[in-house]
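Hi,

Here is the structure I promised to pass on to you. Have a look at it first, and then read my notes below.

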Amino acid sequence: MQTVEIKVKMDCDGCERRVKNAVKNMKGVKTVEVNRKQSKVTVSGNVDPNQVLKNIKRTGKTAIFWPYIPYNLVSYPYVSQAYDKRAPAGNVKNVVQALDVPNTTEEKMTHLFSDDNPNACSIM
């Protein structure tokens, strides 16, 4: 069992009903939740994510896999390309995060003034 989240632009009740009907009769679908305010469709069950996306696109709506994740799961939520004004509250885009290069000078300097370093006071 898996959950597939898809972003679909829906303007009215008719759009919402059309999208819901496109996926609720698929084989293996257990539940379909439509959140028009967030433009989000959540499908749970034993389904193929690409087939769900394909069925939603057949309705004539623009659909993509859900591009957002909660900001507390990201190490740098305000890095460029991750922050998005259109993202729902508490979410950022799911982009590749930059990792710190080990043994950089910034890391060494912060370690010198750390409370865990017993020799930190000798510098001051």
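Leaving aside its neighbours within four places in sequence, which residues is Val 23 in contact with? They are Val 29, Val 32, Val 43, Val 52, Asn 55 and Ile 56, where contact means heavy atoms within 4.5 Å.

Before you go further, a word on what you are looking at. This is a predicted model, in which local features need pLDDT of at least 70 and side-chain atom pairs count only at pLDDT 80 or more, while totals for chains, interfaces and linings use all residues. Residues are numbered from 1 along each chain as its sequence is written, and side-chain values use heavy atoms, with hydrogens and water left out.

Now the overview. The chain has three helices and six strands, in the order β-α-β-β-α-β-β-β-α from the N terminus. These are DSSP runs numbered from the N terminus: helices are H or I with at least four residues, and strands are E with at least two. Of the 124 residues, 31% are buried, meaning under 20% relative accessible area with a 1.4 Å probe and protein chains only (exposed is over 50%, partly exposed in between). Among contacts with a separation of 6 or more, 51% link residues 24 or more positions apart.

Next, the strands. Two strands pair if DSSP finds at least two bridges between them. Strand β3 (residues 40–45) runs antiparallel to β1 (residues 2–8), with six bridges joining them, and antiparallel to β2 (residues 29–35), again with six bridges. Follow Lys 40 in β3 and you will find Lys 7 opposite it, and Asn 35 opposite it too. Gly 45 of β3 is the bridge partner of Gln 2. Between β2 and β3 the hairpin has four residues, and Ser 39 takes a positive phi near 55° there. β1 also pairs with β4 (residues 63–65), in the antiparallel sense over three bridges, one of them between Val 8 and Ala 63.

Why is β3 largely enclosed by the rest of the structure? It is because six of its six residues are buried. Lys 40, Thr 42 and Ser 44 point one way from the strand, and Val 41, Val 43 and Gly 45 point the other way.

Val 23 turns up again in the largest nonpolar core, which has 17 residues; Val 23 is among those with the most contacts inside it, together with Ile 6, Val 8, Val 41, Val 43, Val 52 and Ile 56. The elements giving two or more residues to this core are β1, α1 (13–24), β2, β3 and α2 (49–57). A nonpolar core here is a set of buried Ala, Val, Leu, Ile, Met, Phe, Trp, Tyr and Cys residues joined through side-chain atoms within 4.5 Å.

Last, the rings. One aromatic pair is found in the whole structure: Trp 66 and Tyr 68, edge-to-face, at 5.3 Å centre to centre and 80° between the planes. Rings of Phe, Tyr and Trp (its six-membered ring) pair if their centres lie within 6.5 Å; planes under 30 degrees apart count as stacked, over 60 as edge-to-face and the rest as tilted. Both Trp 66 and Tyr 68 are buried.

Cheers
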